[in-house]
Structures are given as C-alpha cells and as structure tokens.
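Colleague: Please put the model up. I have some questions about how it is built.

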Amino acid sequence: MSTELESPADRLSVHVREEIDAWVRQYPPGRQQSALLGALHAVQHENGYLTVTLMDAVADYLELPRISVYEVASFYSMFETEPVGRHSISVCTNLSCMLRGGDEVVAHLQHKLGIALGETTADGRIYLKREEECLAACAGAPMMMVDHRYYENLTLEAVDRIVDGLE
Amino acid sequence: MSDEVRIEVDGVSLPARKGQMVIEVTDEAGIYVPRFCYHKKLTVAANCRMCLVEVERAPKALPACATPVADGMKVFTRSERAVAAQKAVMEFLLINHPLDCPICDQGGECELQDLALGFGGDVSQYTERKRIVQDENLGPLISTDMTRCIHCTRCVRFGTEIAGIRELGATGRGENMEIGTYVGETLVSELAGNVIDLCPVGALTARPSRYTARPWELMAQEAVSPHDPVGSNLYVHTRGGKAMRVVPRENEAVNETWIADRDRFSYRGAYAESRLPRPMVRDAAGQWRETDWEAALQQAVAGLQALEPSRLGMLASPASTLEELYLFRRLAEGLGCTNLDHRLAQGDFRDQAQAPVMPGLGMAPAAVEQLGAVLVIGSDLRGEVPLLHLRLRKAVQAGAVVSAINARDYDYRFPLATDLRSADPAASLAAVAQAVGEISGKPVPRPLQAAVQGVSVEQAHIAIARSLLDAGSALVLLGNQIQHRRDGALVRALADFVATATGAVCGRLEVGGNSAGAWLAGVLPHRAPGGQAQTPAGLDARRMLTQPQDGYVLLNVEPELDSTLGAEALEPLAQAFVVCLTPFVSERMRQYADVLLPIGTFLETSGTYVGLAGQWQSQAGAARPLGEARPGWKVLRVLGNLLSLPGFDWSASDAVATELRQRLGAVGPVEPAAPQVLERDPPEGGLQRLASLPLYAVDSLVRRAAPLQATVQAQEARAAWVGPAEAERLGVTAGGRIELRTEHGRAELPVHVHASLAAGCIALAGGIPETADLGAWDRPVQVRVLAAEAPDLAETVE
Ligand code: SF4
Ligand code: FES
Ligand code: FES
C-alpha cells in the first residue's frame, strides 16, 4: 500500500542512488526493471547483504512491485539475504571441479574453519557459501571464488595460503 | 478471411485462426488436453508441460498451450508418444507433491488428483525425500499448504495481469522455488479469493470453508450477488440446505470468471450469532419475547392499521430483491403511504425529479473496455464495484484515457491520465464544465451559470475536457461518494452537462446491488413504478428520519449504519411504532423496534436483481432460510393479505416480477423534469469529514461476515485517516488515538496517515458501529488527541 510517508530514496545512500541512476540510464525509459541486478549489487556491496527494508527501498526507488525484487534477490546465488561473514568463499563442485578434487577442497575448508557450508566462522571472518555450480572456469578446475576473485588449479596448500591471507 | 487455417487433431479436421494456440482449438472442439498452468484468462506461461501433444514432423512433443497453429498441422493428443510424454510429466510433477489427498480440502475437485488418476503411475521411480515448504499466513480468506504447489504460477499471473497487484511471486530457484509473498504479508486485493479457484491443486484453499465439506456432498445452486450492481453470477454450494461456500459462475458479460471477495465470503454473515431465527414482539411491559408468525404478524398489522398512513415512513435496503422492493411498493400503495424510499445513503434530494429512470452505467459492463475516455468522480472504485474497476483497467490497457476527481488516492490499479485531488468535487467539476464549454462552444446552461461563476480553469481541467471531447466514446462516472454528498445534485447536474456537451454517457453508481431495481419498482417518494412522476411527493429517506413519523416499516435496514445520518437516524424511531423485516437483530434494533419479522438473506430467497446495464438477473433461492425465517417477498405478501389489501395473492416470486414487468410495459417514455438553478455552497469551516461506506460495510450481511471483517481492509476502515499536514497540525502520528466529537456524539479511533489527503479533511467511514454516534456524515468534526503515538508494543504485552 502506498500509505508510507517516508520517501524510499531516504533509505538508500547517496552513493547507491547515484549508482542505480547510472544503471537506469543504460536502458530505455520505462525499462528500469533492467537496472535491478545492478541496483541490488550496489546495495549489497555497501551493506554486506540485502535486508527486506533495503529491498523494499530498491523496489520503491525503481517503482517495481516489492515481490519482484524479492524474486530476483532470492533467485541469484550471488545475493545474500542473511548476514554473512566479511569474506565469502564459494567452491565449485560441479562436474569438472568434482573430477579434479573440488569436494576435497570443500571438506578441507570445512575442517579447517570448523564450519559447514552455509555458515560463517564465529569471528565473522569467513563465510562458506552454500552450494556453487559451475563458475565457468572449468579449465582451471578445481577452483574457488573468494569475494570477487577466482583462484584456479587449487591444491590444499594453496587453499590454506589464500584463506590464511584474509583479514 | 486469410487468417483462417485448418488443422487436424486426432484425425479430425478443425477450423482455427492464425495466432491461436493448439489448446484453444482443441478446447473449442471439446477435445480434452490435460493442463495445469494454462488458463484462458491469463497469459501463457507453458511451465507445467502437462499439455504435451505430438505434432507431425516435430522432433519431440510440444506444449499445446504454447504451440501456435499452422495450416495443415497434424496434432495427436492421445498417440503413444503424446501419452508417454504426458505420463512422464505427471511423474515429474508428483516427485515433490505430498499426495495427501485424504486430508486436503481440494480432494474431489483437484485437477492434479484427476489427472494423476488418468496419467499417473502406481509407483514412482523417485525414492528421495520430498521437499517441505513453510506456509505463509495470507490472511483470513486463504489457507495455504504450499508443499502441494506445483508452480503453475496461475496465482502469480492473476495478481500481475488481472488484479493489478503483484503480491504473490516465485522466490528461490530450482527445487527451492516457492510461491508466496516472501515477507509473509496478508494479501490485500479485494479479488484475492480468485486464486483459490485458479489454483489447480490444494495449495490455496478457502479458509472460511476449510474442512467443513467435501465437494461431492455439495449441491451447486445458482445465485446473483446483491452487494454491488455488477450482480456477479454465483454458485452457492449447499449441504442440507446450508450454504457452505460460494464460487463464481462464469458469465462473460457480467463477471467473466471472477468474483470479488465480498461476493465469495459474505455468505458467512448468514450464520452469524446475530441472526434472527424466530419472530419477536415487544409486549405491553416493553419486554421482548419470541412468538409465532401469526401473533407477530397480527401485532404488526394492528399497529400499522392504527396509524395515519401519511405519518408512516417506509424504508427498504437497496440490496433487496426486485420482488421484495415491488411488494414493498405495493404495500405502501395499499396503505396509502407515499413516504417510501431506499436511498438511505443519499445526501441530496433536490434533483430527484430530474433523475433518470434508474441509475447505472448506461452501457454493458463489457462495453467499458472499449471506451476511449473516462472521467471518474468521487469513487472508491475497488471498494464500490470491484469488477467494474477491472473493466476500467482493461480499458486503460487498451489505450483509454482515464481521469479522476477524488478527495484521496484510492489506489486504482491503473495509471490515471489526470488525477485531480479535490475535496470539493463540485468546484473541480465546475471548472471542467467551464473548460468543456469554452472548447466546445456549447455554453454552460443557465441553471448552472451561477455554479461556474468565477471558477479558475487550470491545465488539469482542460486536459480532462479535451480527453472527453477527443474520444470516440466516453463515460462520465459518478461514484457512491457523490450520492452521499449534501451537494450531490450540483455535481450530478454538472456531470450531466459535461457528458452531454462531450457526447459522453453519464453513469451513476449508487449503494446497493439493486438500487436500479428499487428505482424501477418505485420505492421512491416521488415516482411510481417505471419512473412516472407522482404528486404530491412523499418524504425522502432523509426527511423521514429527520422529521419524526408515528410509525416505520424497515426492510432489511439498519438506519444507524445505512443512513448518511448515522445514529441520528434512530432518534425518531424511539417514539414510533417500528416493524422490522430483517434477517438480523441488533442491540439497537431491540431498543427502537416493536415487531421483528425474520426474513431470509439473498441466499435464502428467490428473486431478481437489476444490474448496471439495466439487465434483470434472477435466482431461485439457494439455501434454506435459517430457523423460522421466510423469504422477504412471502412475508410482505402475507402482510398485504392480513391488511386486506387487494391483489396480494401471488404464489411464486416470478409472478410478482411478471406483474411489475406488465406495469412497466404500460408506462410510456418518461421525461425527467427540467433542470433547476443550483449554486455552489461555500466550503464550511472546521474539519471536513469525508465519509463513505467502505468495502466490507455495504449491507447487513457483509457487515456480519466474520472473515471479511478480519481483513486488513476492514481494519483500516475502522480508523480516522488524515493527511500529513493535518496530522502535524493535530500533533498526532500514525497509530495514535483520537477522540472525535460532533454536536451529536463522539467516537474514538486510531489514526492512520495517508499522503494523499488534503489538510482540513478527515476520512471517517460510515456504515461501521465505531462512527455511528457521530451522527450525520456532514457534521463538522472536532478532534482531541488521546495518544499522540502508537502504543509501545513491549508495554502492552505485559
Ligand atoms: S499456489 Fe497453486 S496456483 Fe499458485 S503456483 Fe502453486 S499450484 Fe499454481
Ligand atoms: S565445473 Fe567448476 S568451474 Fe566449471
Ligand atoms: S498447460 Fe501447457 S505447459 Fe502448462
């Protein structure tokens, strides 16, 4: 219902609004729904994850039904709708990676960090993403993605080194 | 024509039109293709794959709902390949389905159950655990069992495409996809109940009738909804004479395949605690006691006979059947009483002689979709006539230019070309009239000259005038709020001029599903059946209740709620002899009435309703009247007999309608009286009350339907609504509480803030007990703040 008095824009930072505006300009007028993925990335980048309030703000800002923002945010695995650790690690377990030891990488990480997939370490440092399908780096299998970076041809030693290097 | 093609289905050659999907052709020919996601009123989603058929030369089976026809195409719906594909899809759909039919409300009328019987295997290859989906609470009308959902998205598409409110969606992905609102919110569409019919499985079922009956125990009886003048066609499902639930009856010209939630769930009111099961009379000591029909009728007749007919007032609900209304008229004629009316919701009667024979649209509801331009004035369309709002929405989608003059934003689910916010519709419409006059060169007629004097014509008024003038076909539509207003006559006269000068039709919406029937039957102080003037005119509904009479006969009327006078309407009743023909009894009724005669609700009587286009729709009576209640028309007939009035011996209700038809046939064309001079009232000081009957308070039955009263919409109506500026001036925020006072009485309500409300206005619903004591709707209101803010929830929990 359009009974709220607060302007939705107030709940988004100036920076986020600028970024959303830039996305909106990329598409023809009236097609602002196309800017949704970019908008959600911008919000998540700033807040770490997407809250319902923030998703509502994006919906109102782009004049979209709120549910259509929830649909997109819950569909794509790169959006988090719950609080997660500072660093997000996704290990690919799809076919190529599976054949080259992706599952061992997962087991190693779980053991090393003492958490299961989908959990965050107690110090809030590392989040092991639930499940990741092919990340399109099969030639470098096994691989994992840490935040936005790809690490390929992994060995367990390499995994240790990378993880220990995260603050 | 060149877009005719022929296709062959299962060896039979069938005609088709280019662009049609195979399933449309097979449906027309009566060849059954199984389906879940396809629905003729919704876009094609083609996501269930149940409709796979074999098409010659296609490498694999194709979905019939998404395969366009081509000339010479050969389709096989029952071939080995087609059936194999259908069976494979069925097995797939059942992987995660719980198969809990014995405890499912849909059991016995479930599309999945039916098709599983035809296409399902006895054993599944899948041994994995089934997924579990948490249920959401979608509110008091719809129950959810989302593990049963097969993701056909019919419910989602209904919201997006038909209702225009996207509340349900598909969140998650793959096996984790779920249908819901994501945040667990209640659905607030006035049409939400339609997803119950659309859902092919038992995921969405009707909450009020849940676990109360099995489909095979129910009898489907035809009925017509009395809650708004669309007259939606219904099936009432009964068991042992009791209405167990209500579903739509398809009628493309009236309600298509939809009904409003009000039509679907009002039946629950018929079994409310306050139902009057037996006649009651007040004895000499003033005590109420139950009695038999004979004694009660005798007491009513004796009381009425002792009265001077000119000192009697007779009021009927505009939701009554045509037969009840006509017999009410006949009773008045027999008694020699001209104080007769149904317009309790009307505020201004000055122009009653100029009124058309009956209110309505002046066109078929379906014709609205083809209009080029519409101007809506003073209407909460979604609350007043939900299905007309849908037609207007379709008109806008087809390119119509729709504008509105409203005191607040009623959240129409389509964009408005011009959205004029005005608490003084007469002033705004005068400006539009002036603009129309200037552009068209047709002068504003003399009687309205004073009203347009000095109005300032702005860009918005010109835009509206032009939209009506430029359109090939246009409608000027007056909503219920114009009926309520004290200056309604002026607004109507201005609207008439705007319509005439622009070549538009002027439509009028009035409260009640059968107000057109009441006009036709002559339940009016100034007109005979058919619209002929009757002089001298009797007292109208408002005068009858402001000038005390010696006696009253009320036909399904609750004056404190139905009348624009609020509880002030009860004052003259206290001293008078009052006979109520009513399905219900209320505390207030016990105070003013002398005889209570129980009548059936619309579910329990045969009868006819006259709709928006003047069409007559009849029903036979679906359920058995509760207790000793009798259909209203029978009670009126017996009353007529006991009063020894001539010609009161019909044996069936259709004979009553036939007599009225004959009387109408004998009436020549009726010329409404010439217009009179009308001026604009200067706006009054103080807080101006915007009052109307909200969606779930329109008549006695709806007001008692518990599921409807539990909705968000009903709760929101029980609040005082102000704009942000007014809230600030009063020093109150949303959720605070205020006391309202008028010269008549007081009320206490929570505050809601709505951005669209202008300063100086307060929106307070009529038709609800909470505001009845404020008296007449047009009284200025004083406000005192009781609590500036919403109560702290943490405190109230303790
Ligand atoms: S809830 Fe029913 S209508 Fe909605 S997607 Fe699921 S099965 Fe289809
Ligand atoms: S399977 Fe791992 S990146 Fe493709
Ligand atoms: S009915 Fe054709 S795919 Fe669902």
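Colleague: How far apart do the C-alpha centres of domain 1 and domain 2 of chain A lie?

Modeller: This is a predicted model: local features need pLDDT of at least 70, side-chain atom pairs count only at pLDDT 80 or more, and totals for chains, interfaces and linings use all residues. Residues are numbered from 1 along each chain as its sequence is written, chains are lettered from A and ligands numbered from 1 in the order written, and side-chain values use heavy atoms, without hydrogens and water. Domain 1 of chain A covers 8–75 and domain 2 covers 87–164, with bounds from an automatic or database domain assignment. Their C-alpha centres are separated by 29 Å.

Colleague: In what order do the four strands of the open sheet in chain A run?

Modeller: Strands are DSSP runs of E, at least two residues, and helices runs of H or I, at least four, numbered from the N terminus. Two strands pair if DSSP finds at least two bridges between them. The pairing here is mixed, and the order is β2-β1-β3-β4 (chain A).

Colleague: Why is one side of β2 and of β4 in chain A left without a neighbour in the sheet?

Modeller: β2 (126–128) and β4 (149–151) of chain A are edge strands.

Colleague: Which residue of β4(A) stands opposite V146(A)?

Modeller: β3 of chain A (residues 144–146) pairs with β4(A) in the antiparallel sense, over three bridges. Opposite V146(A) stands R149(A).

Colleague: Which strands of chain A does helix α7 touch?

Modeller: Contact means heavy atoms within 4.5 Å. Axes are lines fitted to C-alpha atoms, for helices over the stretch in contact, and angles run from 0 to 180 degrees between N-to-C directions. Helix α7 (residues 156–164) of chain A packs on the sheet at about 10° to the direction of β3(A). The strands touched are β1, β2, β3 and β4 of chain A.

Colleague: How is α4(B) oriented to α10(B)?

Modeller: Helix α4 (residues 154–163) and helix α10 (residues 386–397) of chain B have axes 10 Å apart and pack at about 75°. Angles under 35 degrees count as roughly parallel, over 145 as roughly antiparallel, 65 to 115 as roughly perpendicular and the rest as oblique. So α4(B) is, relative to α10(B), roughly perpendicular.

Colleague: Which residues come nearest to ligand 1?

Modeller: A residue is near a molecule if one of its heavy atoms lies within 4 Å of it. There are 13 residues around ligand 1. The nearest are C149(B), C152(B), T153(B), C155(B) and C199(B).
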